[in-house]
There are 4 protein chains.
Amino acid sequence: MKVALFGAGRIGKVHAASIRADTRSELVAVTDVVAAAAESLAAEHGIAVRSPEDILADPEIDAMLIASSTNTHADLIEKGVAAGKAIFCEKPIDLSLERALRVREIAAASTKPVMMGFNRRFDPNFAAIKMAFDAGEVGKGEMLAVTSYDPAPPPVAYVKVSGGLYRDMMIHDFDMCAFLFGLPESVMAHGSSLVDPAIGEAGDVDTAVVVLTYADGRLATIRNSRRAAFGYDQRVELLGSDGMLEARNEIENTVVKSTAAGVSSAKPMFFFLERYMRAYQIEWAAFVDAVEGGKPVPASVEDGVNALALAEAANRSLKEGRPVAVADVLPGA
Amino acid sequence: MKVALFGAGRIGKVHAASIRADTRSELVAVTDVVAAAAESLAAEHGIAVRSPEDILADPEIDAMLIASSTNTHADLIEKGVAAGKAIFCEKPIDLSLERALRVREIAAASTKPVMMGFNRRFDPNFAAIKMAFDAGEVGKGEMLAVTSYDPAPPPVAYVKVSGGLYRDMMIHDFDMCAFLFGLPESVMAHGSSLVDPAIGEAGDVDTAVVVLTYADGRLATIRNSRRAAFGYDQRVELLGSDGMLEARNEIENTVVKSTAAGVSSAKPMFFFLERYMRAYQIEWAAFVDAVEGGKPVPASVEDGVNALALAEAANRSLKEGRPVAVADVLPGA
Amino acid sequence: MKVALFGAGRIGKVHAASIRADTRSELVAVTDVVAAAAESLAAEHGIAVRSPEDILADPEIDAMLIASSTNTHADLIEKGVAAGKAIFCEKPIDLSLERALRVREIAAASTKPVMMGFNRRFDPNFAAIKMAFDAGEVGKGEMLAVTSYDPAPPPVAYVKVSGGLYRDMMIHDFDMCAFLFGLPESVMAHGSSLVDPAIGEAGDVDTAVVVLTYADGRLATIRNSRRAAFGYDQRVELLGSDGMLEARNEIENTVVKSTAAGVSSAKPMFFFLERYMRAYQIEWAAFVDAVEGGKPVPASVEDGVNALALAEAANRSLKEGRPVAVADVLPGA
Amino acid sequence: MKVALFGAGRIGKVHAASIRADTRSELVAVTDVVAAAAESLAAEHGIAVRSPEDILADPEIDAMLIASSTNTHADLIEKGVAAGKAIFCEKPIDLSLERALRVREIAAASTKPVMMGFNRRFDPNFAAIKMAFDAGEVGKGEMLAVTSYDPAPPPVAYVKVSGGLYRDMMIHDFDMCAFLFGLPESVMAHGSSLVDPAIGEAGDVDTAVVVLTYADGRLATIRNSRRAAFGYDQRVELLGSDGMLEARNEIENTVVKSTAAGVSSAKPMFFFLERYMRAYQIEWAAFVDAVEGGKPVPASVEDGVNALALAEAANRSLKEGRPVAVADVLPGA
């Protein structure tokens, strides 16, 4: 399976390594608006830098990995589908739910797999929770709690074009809730700017709590902060009628040091590249399984639309100070 | 310091043991509407069963420990204050916030300490969080999360007279938030009946999430369930600008068993009598310190009123499906 | 059950509190060569200071709790048996194995329980290991590892009269091995003085490893240090054919603090008074059960002799640099 | 850097993946006495199967990775040195200490790096212990404890040619002790056959404890079992004058499940391929650093000789039932 990479930035490099490690896939081309980035990655992997048009037109190329900036995702998916490519696209589809809904329609008509990069679904810890829960090990689901803190806030320049915390950061957590509990009925958002006043001045929040309520009474809580002094905090906790499942942080090493000052252990793995390294590899293998083996896509465009709709509902809830029904933002939900 | 005990039930027995263990206090009388209960406790401790009136009139008795049913608390506090007794009263003051406000006024005029039994403030784990937080070890507070699950739901007959989950169970968690973060600005309540349909039919919830928002943007989340299959789950997590503090569960023992079936460890201590045993002893010592040593009361009638006001706001929020300002239920807050 | 306490020092006070807490027993007298110590304890508990002779002669006194210095144990046990008292005696019986063997004979003839204070058998963690192992939860025993570090070395003056590390400190660990695995066949001791050179100059070791080999091939390892900078380290690990049981340290509280500096938790409970508080209470209840309820004594004079014999073998092994058969020091073992 | 692989078995495949993942090295040839194994690996990596002679004679090949059977190691190292290759060889050098000593001499004269595959030195957990210890974070070393249990015993046919537990399995732990504490003065071995009687009948042990004593009084304890029902147990614990360092097991995932049956978590990573995956990658990078970057070899032939000498001493100690001086088996130690 021959793959072309769109985007040679931080996340593009991670995917390039996954493609290389999987003996069933081969990276053959890269493209990036930043020429130097494309050339550097191409040199390291011994491949060619090509234009997007050239890649789309090449019948030898089976699949596209879209890791370019968010505003290019929707167009590239549409062009890729039209060109008959299998597509793996980083989240989100687009910042606009309307635009994403059009992409959903187009992707639905594709004969090749179109997969969204919700990497956390492939994290061995969260996947183990999903498997245990679906196997009924803790009975019927009642409450879900997702904790997701970044080590440090992004630059305000980024915040301004990010679409806001709910669409940029919490979207992963909305997807995690959907992954485990399905689509909720309503969204209540709380948020404030405690980490960096400039984020508040830019009209965004950096500290947020969202409560999702489900039609059958289940409740999910998401907590986000743009800054945790100790690093990247990524936990999930699910209470069921017969017990609880918790995925705790992965830590840098297992060493415990005990001295007169106390007992100390390693911090959580620093950030998403470290924490989700294994998830990215498993995610890529799942995409190859879908393309080569005809297996169902484990994170679809529809999943991408759903997460975006929850973010949209959260934005509206925060603005209006009241719970917002998901059906009000996502027709037919 | 001579103490009379009002109420010889489960919690009364716990307090009797604490009084006995503290060499500065002496249990001298007990009273209970259930004569057999009073007699049994009296026999075990070699003390007399006396009537409430008799106790109140006895100038030899320095302090009253009120562990009788909730509907007697307000009256007993008022009578005790009038009789010049030092008073330790189990929570809540009353199910009615109005009634509690009148008690607050009377207690404010007492020359002797009046203390409310918010036992969790004395739990060594939560007390350690309080101390570390107040010492600035994790910087400025940003988010708080309190998890509090009971092992099993109470009988529906109890639920019906309990005042509802927010007043009966979550009141401890409201106090924990107030203990650590102070009084919030507004309360948003979610709740459903997933554990026992009969609880829902009785008009109460058994699964609940409440979000407290503070004037300065801090956020606190409380999660309650009337049933956790693994036992009593009591955790607090505080995120600050410089780090995080977590109080994890205390477990029955430290044994870890590793077999082909997996790695297993002990469950959390079963219920409040086990988990908060040490807290009850420390709590009693703090009361004696207040009475004998003139130290400030570490859990006051005002604290009791505040927690009740948050429960009242939660009830209203759940009913109306919107956030409720604390000032709307507690004049002057 | 009326009890007289011999010895009002640190451990005597612990036992006095246990006696008070158990409603089935009553402390009625105390004696100590240090008059001030006896008087202070007597005042706190409202009891009389009496002479040993007076106590032994008083038919009203049912039981003796011997917590005086080691060199008085053997005599007091013998006199107590002669006086028809039930006896609880702190370990060791004596520093001399010969003397202990004579006490064993006398105790065997007593009509009342004679119990040795091997408190660790009653620690809920070690007791849970014993129960799980005896129930076959990890199959047949294969290896045992006992780790036992004190927070700080005792004064050299104490070391000189202590009988040496194996008899004074490791005796608890020898008993733990006997408790779980029975009496071994041979003892190989290693030891050195790394903590305090003065201990080495006094002819003792402060850092020690002993390997016990059992007739059927099982192996037990004991590690001792007179100093662990982080506090009192008390762990047991048992490998069986079907799995492993570990008793980890009990810690001061469950709070975890995560900051830029790392993740830290509380230290182990400081020393034996803190760590074994619950064990002392349960131990006392077991003695009362034996005296009042006719239950078997859970730590006998024979157990005391066995532990002393292992210490004796270890001393000989260290001196001669070779394994020593237990039968060579304990006739009939 | 062009690399030829000797041995296409389980461990050969692991190294092939490491070579592929490191962009600085390229796998160009493979050889194996089992032709099918060589061909399969060659096909997967798109490389040629060649004869050992051909590889040794090819000046284009910079380095040899020796992962063939133990009895070929010494010869291949010698031939590789003669051919001017950089060499990475799996442990052990040979089962014979004499033979290993001759290899040591030859390797000492090589102008290219010769490195032994003591993979555990590169495990991030043990490496973190080494770094913290060398940085003085727990003061002077006093005691070391290495626990190393395999999930299941190997076939008896393997045991018979393995050189015995001390040389085959504990050799890693001897190296770990040397890595952290240096070469000891004497070795005392205990061992028995509890896991599989057939192992005992073959003249080997499957359950073993070895105590190493150092000239300055430090003590190291190694515990080995050929079978742990819960999987691969790999821990190191180091007590220093200022504290303790522990490397705990790495577990399969961080999920904790709490139900009425108890609290359970994942087992340790199953066996060396899983547990030491990262270590193998880091180890290979260290070899490339030595070859390309001139850095010192972090695990030398001398280290291989030392570990073998400790195994030899252990064998003699077990046979003779007494401690054996390392100098008696390793001249000049």
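Reader: Within how many Å do the axes of helix α5 and helix α13 of chain A come, and at what angle do they cross?

Author: Two packed helices are described by the angle between their axes and the distance between the axes. In this predicted model, α5 (residues 97-108) and α13 (residues 301-320) of chain A have axes that come within 9 Å and cross at roughly 165°. Axes are lines fitted to C-alpha atoms, for helices over the stretch in contact, with angles from 0 to 180 degrees between N-to-C directions. Helices are DSSP runs (H or I, at least four residues), numbered from the N terminus.

Reader: Parallel or antiparallel?

Author: That crossing makes α5(A) roughly antiparallel to α13(A) (angles over 145 degrees count as such).

Reader: Which residues of α5(A) and α13(A) meet?

Author: Contact means heavy atoms within 4.5 Å. Among them, Leu97(A), Leu101(A) and Arg104(A) are on the α5(A) side, and Val305(A), Leu308(A) and Glu312(A) on the α13(A) side. By class, the contact has nine nonpolar, no polar and three charged residues. Ala, Val, Leu, Ile, Met, Phe, Trp, Tyr, Cys and Pro count as nonpolar, Asp, Glu, Lys and Arg as charged, the others, Gly among them, as polar.

Reader: What rotation superposes chain B on chain D?

Author: Two copies of a chain are related by a rotation about an axis and a shift along it. Here the rotation is 180° with 0.0 Å of shift, RMSD 0.0 Å (least squares on C-alpha atoms of residues with pLDDT of at least 70 in both). That is the relation of a two-fold axis. In chain B, the C-alpha of Ser264(B) is nearest the axis, 2.0 Å from it.

Reader: Which conventions apply?

Author: Residues are numbered from 1 along each chain as its sequence is written, chains are lettered from A and ligands numbered from 1 in the order in which they are written. Local features need pLDDT of at least 70, side-chain atom pairs count only at pLDDT 80 or more, totals for chains, interfaces and linings use all residues, and side-chain values use heavy atoms, with hydrogens and water left out.

Terms used
Helices (H or I, at least four residues) and strands (E, at least two) are DSSP runs, numbered from the N terminus. Angles under 35 degrees count as roughly parallel, over 145 as roughly antiparallel, 65 to 115 as roughly perpendicular and the rest as oblique.
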